[in-house]
Structure formats: C-alpha cells, structure tokens
Protein chains: 2
Amino acid sequence: MQEKLTSSLEDYLEVIYNFINKNSSVRAVDISRELSVSRASVSEALKRLAEKKLINYGRYDVISMTEEGKKHAEKVIEKHNALQYFFEEIMGLDGEEAGQTACKIEHIISENVLEKFTALKDFHKTNPEYAEEFKKYCREK
Amino acid sequence: MQEKLTSSLEDYLEVIYNFINKNSSVRAVDISRELSVSRASVSEALKRLAEKKLINYGRYDVISMTEEGKKHAEKVIEKHNALQYFFEEIMGLDGEEAGQTACKIEHIISENVLEKFTALKDFHKTNPEYAEEFKKYCREK
DNA sequence: ACAAATTGTTAGGCTTGCCTTACAATGACT
DNA sequence: AGTCATTGTAAGGCAAGCCTAACAATTTGT
C-alpha cells in the first residue's frame, strides 16, 4: 500500500500534514516558505502528490489529504520523532542539529529500523541511567 | 578543505578507495559492477571526480586517488564503520540491513554526529553490559 | 599477429528537482 | 467595481544521475 516516495515528496507531505493540523489549511505559499523553495516548485510537487493520490488538489483548489497521504505523512513524522529523541536525548546533540539530522534520516530508515529506535526510546525512558552513563562518558573524554 | 560531494560521488569514491586498497587497482567496470550502474555512468562520475581533483584520471587511463580524495574516502568509510557497528552490535540488526542503512546514512551525518557514534561505540566496548541490557529488553517485548 | 571479447567513451534521452520570468486568478481595500 | 498586492501556474532552463546504443581502444587467446 505505502508507495515509495522521494525524500523531497515526503518533505512536502510532512509540511502539508503539519500545517493542516496546526491551522486547518495550507496554501502553496506556506509550503514554499517552510521549505525555502519557489512557489513554482511547490506547484509541481502538489501536482505529483495529487497524481499519486496522496492529496486532493486541482488548479487553484484547496489542499486536503487523502487517507493514504495522511498515513504516509504520519509514518514519516513517527520516524522523525523517534530520531529526534535519539539524537537529542540519548546522543546529547542540541535540538537544532538533532532536528536537522532527523529530517534527513527519516526518509531513509525502514520500518524495521524505526521499531528499533522506538524500542531504544522506550528502553531509555524506563532505564535512563544507561544514557546518563554514556553522557558522563562523553563529558569525561 | 573537504569539499561537499553528492551521495553518489561519495559512493564512487568509496568503491574506488576500497578496490585500490584490496587489489591495488580499479577498472571502471569493477566500479560499474559494484554499484550496479552502467559503464557509461561510471565514465561520467570519474570525469566529475577528476574535475574535483579527488582522483587522477584521463581517457583510458589508470585510476589513482589524490591525497584529497583519499582523505575524503577515509572519512566516509569511518562514518560507515561507526554506523555499521551501531546498527549491528548495538541495535541488533542483521549485518545486511545494518550495512544498507549505514550506506545511506554515511552521506548525511556531520563530523559532530560521527564523533557521537564513535563515542557510543567506545562506550559500548568498555561497558558492554548496557547494550546487553537493551538487547534483553528487545527480546522480552 | 589477428580475431574475438572485454572495456571505456560518446551521444542522445529520460526523470527529478530546482530555478526565473511572465502571466493568470484571487483577495482585499477603498 | 476597480485597483493593487498576493498567490498560483505555465513555460523554459539547468544540473545530477541514471540509461541504451553505437563506436573506439585495449586485452586475451590461439
């Protein structure tokens, strides 16, 4: 079901999802600003996402997401969050770099790897002493 | 010093480096087989790497690496190894998936993130009980 | 040494993803 | 309603990366 998307299209989808959830709608120009690309590029991306039936969209039309699109976006965001937690809370990177790194890796990891990161997060939450020990180790170097 | 390269060019560089170190020479066709791309694509990539002064190469010529090229390749390989260790020994993925994942992420992470992964590896080697605990946790789920 | 196989290059094509420029549609203000 | 700013689209261009097909150079085998 989950068709493979390019990193770029996943980025667009993610932004659309987040915007709709926050403000209940998105305009092409919002996406363009968020991703720092031209409005023309957004236009193209929307066309491609609509072709793949991940969003509902027609010329000058309101943007909405299909179920398929939502599912896909949620999966990407889930990966993002697991990675962000890992890099920030476990590896001790600052939020900025953790976020940037998560943004790139989220398009790469498989379902299986996501599960591992999620497990690691759960493990860390129930056993915070292990990560503490690692951070101490880093400081002492 | 370290000029930015695309993931693709880093892959070529890595293969060239590994081949030369193993067999003392590389041919375009070796690279083509290793990366599963056409010989034509290799030709283009070699031209681009030579332009960037990472390899020494001319028409029908032997391929050798410049100091700059070696340094860059070694850095990528260092990232690869740190990631491979992480995914295989710490996260418990099988070697195959650990390798594939490392291959993609190696092009993404910063020097800083590399250092973290390296530290985690050292930490894990001196304190194997922490990772053991995590693996146990995974098994019990 | 010469034919056959292998290897490397070139040319031309395709897709993705970006850009700019110019134009079309929409919205907001008076 | 008319004007102006904003927003969206279309057209045309560019680079990276890949491809195939045809051709050139090199190597191999006898």
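Which residues does A:Ser32 touch, not counting residues up to four places away in sequence? Let's find out in this predicted model, where local features need pLDDT of at least 70, side-chain atom pairs count only at pLDDT 80 or more, and totals for chains, interfaces and linings use all residues. Residues are numbered from 1 along each chain as its sequence is written, chains are lettered from A and ligands numbered from 1 in the order in which they are written, and side-chain values use heavy atoms, leaving out hydrogens and water.

**View 1. A:Ser32 sits in helix H2 (residues 28-35) of chain A.** Helices here are DSSP runs (H or I, at least four residues), numbered from the N terminus. A:Ser32 touches A:Val37, A:Ser38, A:Arg39 and A:Val42; contact means heavy atoms within 4.5 Å. Its side chain reaches the backbone oxygen of A:Val37 at 3.0 Å. With 9% relative accessibility, A:Ser32 is buried (under 20% relative accessible area, 1.4 Å probe, protein chains only).

**View 2. Helix H1 (residues 7-23) of chain A packs against helix H4 (residues 67-90) of chain A.** Their axes, lines fitted to C-alpha atoms over the stretch in contact, lie 9 Å apart at an angle of about 95°. H1(A) and H4(A) are therefore roughly perpendicular (65 to 115 degrees). Among the residues making this contact are A:Leu13 and A:Tyr17 of H1(A) and A:Val76 and A:Ile77 of H4(A).

**View 3. Chain B can be laid on chain A by a turn of 180°.** The shift along the axis is 0.0 Å and the RMSD is 0.1 Å, so the two copies are related as by a two-fold rotation axis. Superposition is by least squares on the C-alpha atoms of residues with pLDDT of at least 70 in both copies.

Technical notes: Axes are lines fitted to C-alpha atoms, for helices over the stretch in contact, and angles run from 0 to 180 degrees between N-to-C directions. Helices (H or I, at least four residues) and strands (E, at least two) are DSSP runs, numbered from the N terminus. Angles under 35 degrees count as roughly parallel, over 145 as roughly antiparallel, 65 to 115 as roughly perpendicular and the rest as oblique. Buried means under 20% relative accessible area, exposed over 50%, partly exposed in between (1.4 Å probe, protein chains only). A polar contact is a pair of N or O atoms within 3.5 Å; within protein, one must be able to donate a hydrogen and the other to accept it, and residues adjacent in sequence count only if both atoms are side-chain atoms.
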